[in-house]
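Me: I would like to learn how to read a protein model. Please take it one feature at a time.

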Amino acid sequence: MAGSLLASKPTPAVTPSPVPRRGRLRRALSDRRTRFGLLNAAPVVVYLLILFIYPIFSTLLLSLKGEEGGWTLHWYADAFRGANLEILLTTLRISTETSLLSLVIGFLLAAAVSRLKPLWAGLVMLVVIVPHFISALVRTYGWIILLGEHGVINNALTDLHVPGAPFQLLYNELGVVIGTTSVMLPYTVLLLYAVMRGTDRRLLAAAAGMGAGRLTIFRRIYLPLVAPGLVNAGILCFILCLGYYLTPALMGGPKQTMVASLIDEQVMRQNQWNGASALGIILLLLTFAGLLLLRLVKSLGDAARKRGAAS
Amino acid sequence: MPELDVMTERQTPAADSPPGTGTGKPLSVTGLRKTYGGGVTAVDEVSMEIAAGEFVTFLGSSGSGKTTTLMMIAGFCEPDSGSIVVGGRDVTRLAPQKRGLGFVFQQYLLFPHMTVWENVAFPLQLRDIPKAELRRRVGETLEMAGLSGMARRRPRELSGGQQQRVALCRALVYRPPVILMDEPLGALDKKLRDQLQTEIKRIQRELGLTVIYVTHDQEEALVLSDRIAVMRDGRVDQFDTPRELFERPRTPFVADFLGAANFLAGHVEEQTPDHTLVRLDTGGLLKARPQTAQAPAQTPRVRAAVQPGRLGLCPAGQGFCTGTVETVTYVGTLVRVTVRPAGGADTEPVRLELPAGRAPAPGERVGLTADPDDVSVFPDSVSAPELGVPAPEQGR
C-alpha cells in the first residue's frame, strides 16, 4: 500500500493532460526520471512487502481461518465475548487513564522545562529521556521495589504515620497506571516540549498588555496554541498503551490483564494462534480508530472555529 | 469571566465617546531610570510630559534607550526609579495588564489560532462588552483600516501590511488611553510603510489618540510626530516639534541625526544680542543667530552647524567660504553638491542641496552663504566632529 504510493508518486508530474490510461502509463515509464524513481523506491517496496504487508496479511488470514480449514469469524466473536471482552475493555480503560495522566504530568513538566534556559532545559530533558535507555524490565522491577508493601514509599509513609499506610500500590490498577505512565511520559514530554518551544511567548505578553489575566491567557491563548500537541501526544500515548505488555503483566493484578497478555497466553499456553491473530487485528483496528479520531477532532475543531468566526 | 478582577477597576469613559472627541489621555514620565546588570545604564533620568492626543516619537539609534523607555511605560520592564503617570493614575508598579494601554509591535504578534475578527474582538471580550456593541465596534474598526473583507481570514493568510493593520485595529478597538508602537513598520517595505504612516496618522488624528512611537527612521519620525524625543545613550537630547529640532537643534547630535548638518570648525569672534560671528578655520566669517544661555562665549573653539538644504551659492570670494565644487549629483528635483573649501587643508567637503535648476558645474569656484537664522553654534568639546561621543551637558 505504502510502497505503491511511493512508486507512483512521480507519475502525476509528467502527465499534465488527460491522456488514455495505458498511454499515460507508458509515457510515464518512458520518462527517465520516473524510471529512476521507481528503481530507487524498489528497496523500500521490498522491505515493506516482506516486513509489513506480508505479516499483517498472514495474521489477518490466520484470524479468519477455522480450526478445520475454511473461513470463519468466530475468533472475533470469541474476542468480544465474556472474559475476553472484559480484557478488551480493561485495555481501553487503562490506556485512557494512562494517556490522561501522562498528558497532565507531561504538560506540567514540559511547560516548566520550556521556560528554562536552553542549557537547563537540555539537562532536564536528558533526565526525562535517559531512563528509557534502560531495559523496561529493569525499570519495572525498580518500580516494584519502590511501590511494594515494604517498599521505599510505603516504608516512608509508615514512618511518617500517614493514616492507612502501607497502601496497596502494586498488583492493582494504580500500579499498572503508575508503571505505564512512567514508560509513556518521555513521549508526551518530548512532543509537548517541541510544541511549547515553538510557541511565541511574546504572544502571551501581547495578550497581557491588552488586559488579559493569567487564567485567560492560559485558556484563550496558550492552550489553543499547544492543543495540537496535546491531541497528538494523547493519541500516541493511547496507541502505545493498547499493545503494551510488560508493565501491566508485572505490576497488575488479575483484573488488569490487558490484550497483550491475553495474546501471550493464547500463543504460549494454549497454542491458539488464530484467536491471538484476531486479537492482534482488533488492536490494529483500534489503533486505526485512534488515528481516525485524531483526524476527526482536528476537522471538528476547524469547523467549530469557522462557525465561531461566522457568527 | 470571573478571573478578570483586573477589569473591574478599568476606566472606560472613553469607550463610549464617538470618534473625534479624543480618546487619548496625557502621560507623564518623571526621572525614569533603568540599569541592567553589569552597570549598563539603558535609560538615564528620562522625563517628559505628553499631552492628550499627542503623537510623540522616541527617535534614536539602537542602544539609545528608546525601546527600554517604551517597555517601562508598557510595564514589561520595571524602572529602577522614576514614575509613570497615565491620565492622572500612577502606573509605575502596575503589571502590564492593569495599565490598560494599547500596543503595536514590530512582529505584529497576532494570535495565529484566531481569525482577524477574533483577534480584534479579543480585547473587547476581556472587557465584557455586550455582544451587539462588540460586533459594532469590531466592524467599525476593521472598516476604518480597510479590512472589512478579511474578517474571517487567519493572520497567516494576510500580507505583512495587512497583518500590521490588524494589529493596529486590535490596539485601537478598546480605546486605550495611550497606544505604544514599537517600530511597527520596521518589517515592511518602503511603499507600504509610507501608506501605513499616512493611515496611522489619519486614525490618530480622527480618534484623538495619544501615541508613543519608537523608531530609528528620522523621516518616519518627522512625518508622523507632533513632537520627537531624540534619544542618545539613555538620555533625551532634545524633545521638541520636528520643526524646532530641525531649525534649532540644541546639540550637535540632533543637528546631525535629523538634518545631516555640515559642521564647520572655528571660534567665536563676536557675540551680540543680534548675532554671533564665527571665524571659521578656513578663514571666512560666518554670521549665526544669537546664542542662548549655553552659548559658548568663553569657549574659544566652536562648531557651526548648517543643514545642506539651507546653504546657498554666491560668486567666489563672497559669502563665508569659498571653495571648489567637487561632485554634483541629481536626486530628482534636487541636486546634491559637495564643495571643498579653500584654505582648510583637510577640512571635510561641505554638502549642499540645491534646486535642480541652480546646479553649478564640477570644478567651478563658488562662495557659500547661509541665513544667520539657520546657523547653530555648538561648543567644540571634541576636536573632530565625532558625533557618537557624548558632549558634556549639552542641551540639558
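Predicted model: local features only at pLDDT ≥ 70, side-chain atom pairs only at ≥ 80, totals over all residues.

Me: Which domains does the assignment give for chain A?

Reply: Domain bounds come from an automatic or database domain assignment. For chain A they are domain 1 (2–64) and domain 2 (75–310). The centres of these two domains of chain A, taken over C-alpha atoms, are 36 Å apart.

Me: What percentage of the residues of chain B count as buried?

Reply: A residue is buried if 20 or more other C-beta atoms, placed from the backbone, lie within 10 Å of its own. In chain B that holds for 43% of the 396 residues.

Me: What is the strand order in the open sheet of six strands in chain B?

Reply: Strands are DSSP runs of E with at least two residues, numbered from the N terminus, and two of them pair if DSSP finds at least two bridges between them. The order in chain B is β6-β7-β8-β3-β9-β10, with mixed pairing. Its edge strands, β6 (102–104) and β10 (235–240) of chain B, each pair on one side only.

Me: How many bridges join β9 of chain B to β10(B)?

Reply: Five, and β9 (residues 227–232) of chain B runs antiparallel to β10(B). B:Val230 is opposite B:Gln238 in β10(B).

Notes. Residues numbered from 1 in each chain as written. Chains lettered and ligands numbered in written order. Buried ≥ 20, exposed ≤ 12 C-beta atoms within 10 Å, placed from the backbone. Helix = DSSP H or I, 4+ residues; strand = E, 2+ residues; numbered from the N terminus.
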